[in-house]
Amino acid sequence: MNTYLRRTAMIAAAVSMAAGLAACGSAGQAGDNAGKAAEGKGKEKLTIGLLLPENQNARYEKFDKPLIEAKVEELCDTCTVTYANAQQDAATQQQQVDSMITKKVDVLILDAVDSKSIASSVKKADQAGIPVVAYDRLAEGPISAYTSFDNEQVGKVQGEALLEKLGDKAGKGKIVMMNGSPTDPNAAMFKKGAHSVLDGKVKIGKEYDTEKWKPENANENMKGAISSLGKKEIVGVYSANDGMASGIITALKAAGFDELPPVTGQDAELAGVQRIVSGEQFMSVYKAYRPEADAAAEMAVTLARGEKLDAIAKDSVDSPTTEGVPSVLIAPVALTVDNIEDTVVKDGLYTIDEICTAKYAKACEKAGLK
């Protein structure tokens with residue numbers, strides 16, 4: 001294992017340990033708060049509104065939703081979670097916020113489809129006395145709290161991994177940059193972090209902001225890049241997430257590359273992990289969903305109880321409209337074929353059997369995944 005991968009493996013272990021300790025401490029604090037609240041008003045009955053942005057990315061329905069619901073139940077067994085998914089439609093999400101306000105939920109956990117257009121809805125919630133926890137994406141408007149990953153660091157991790165993989169090839173060709181949706185503030189931060197690492201060290205032949213993060217849009221963009229630059233010039237592809245990486249790799253295969261250039265990703269989707277095992281995709285970014293989901297649930301329950309976030313939110317983030325938002329930021333980890341077992345398998349995200357289906361059996365055996 002090279003120096004970079006050893007370093008990321010060590011970071012993974014440290015993040016996992018820190019997240020566990022933080023979750024225990026926060027949960028303990030939340031439990032103390034619950035006891036104090038119960039002393040004053042008896043059994044509480046609170047409603048948490050959970051609004052997630054889409055279901056094309058497997059993470060939201062498979063991980064974020066059940067993890068948040070489980071943590072809310074752990075912290076408050078009389079609390080209920082009311083859920084809605086916007087399916088990548090900003091107008092639908094605005095209507096969902098209005099519906100939650102009408103239902104008089106006590107707090108909202110909101111992962112915005114469009115961080116700017118949702119600001120008016122966040123303001124309506126604030127005027128109705130409903131705190132909003134921005135989840136994963138930094139929504140604009142008067143939000144009360146925010147939790148996500150260190151998103152500039154995500155881009156840096158991707159860029160560093162790509163440069164290390166390219167080695168001497170970094171100065172001999174061009175890369176294509178496939179950034180995320182222009183309406184997603186996280187995409188801008190990933191992009192900024194990646195550029196901070198890549199600029200001056202590799203030539204960027206083509207760069208795209210990909211509408212709605214859609215794999216089919218990334219596929220079309222990649223086809224255009226191949227046509228414009230030529231196969232021989234492309235030595236690597238920065239893809240901001242795994243879904244787009246799938247569309248990119250399809251385009252590369254269709255173009256007849258003798259050897260696929262390294263392609264980055266993010267989210268550690270099962271299909272992405274399998275592509276890493278097979279060698280089609282070089283890396284992804286593993287973001288441990290549990291500490292993020294736990295932080296959102298802890299902040300939501302605490303705010304619903306009318307209590308302060310001092311014991312939970314140790315960071316502070318400024319949005320374009322709100323300064324000093326109490327925040328919990330979590331470190332990302334580079335995921336490659338060398339640390340799959342120590343990250344996504346160890347943390348229970350996937351089992352070896354889920355990854356190593358018949359199609360990937362030989363690749364798994366080669367990778368030492370048993």
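This is a predicted model: local features need pLDDT of at least 70, side-chain atom pairs count only at pLDDT 80 or more; totals for chains, interfaces and linings use all residues.
Q: Which residue does Asp 136 meet in a salt bridge?
A: Asp 136 pairs with Arg 59, at 3.3 Å from N to O. The two residues are 77 apart and link distant parts of the chain. Asp 136 sits in the loop between strand S4 (132-135) and strand S5 (145-149), and Arg 59 belongs to helix H2 (residues 59-75).

Q: Are those two buried or exposed?
A: Asp 136 and Arg 59 are both buried.

Q: Which residues are linked with them in a network?
A: Asp 64 and Glu 292 are linked with Arg 59 and Asp 136 in a network of salt bridges.

Q: Turning to Lys 192, what is its salt bridge partner?
A: The partner is Glu 152, with an N to O distance of 3.4 Å. Lys 192 is in helix H6 (residues 185-198) and Glu 152 is in helix H5 (residues 151-166), so this pair ties together parts 40 residues apart in sequence.

Q: Is Lys 192 buried or exposed?
A: Lys 192 is exposed, its relative accessible area being 53%. Glu 152, at 27% relative accessibility, is partly exposed.

Q: And where do Lys 223 and Glu 220 lie?
A: Both are in helix H7 (residues 215-229), three residues apart, which is about one turn of the helix. Lys 223 is partly exposed, at 43% relative accessibility.

Notes
Residues are numbered from 1 along each chain as its sequence is written. Side-chain values use heavy atoms; hydrogens and water are left out. A salt bridge is a side-chain nitrogen of Lys or Arg within 4 Å of a carboxyl oxygen of Asp or Glu. Helices (H or I, at least four residues) and strands (E, at least two) are DSSP runs, numbered from the N terminus. Buried means under 20% relative accessible area, exposed over 50%, partly exposed in between (1.4 Å probe, protein chains only).
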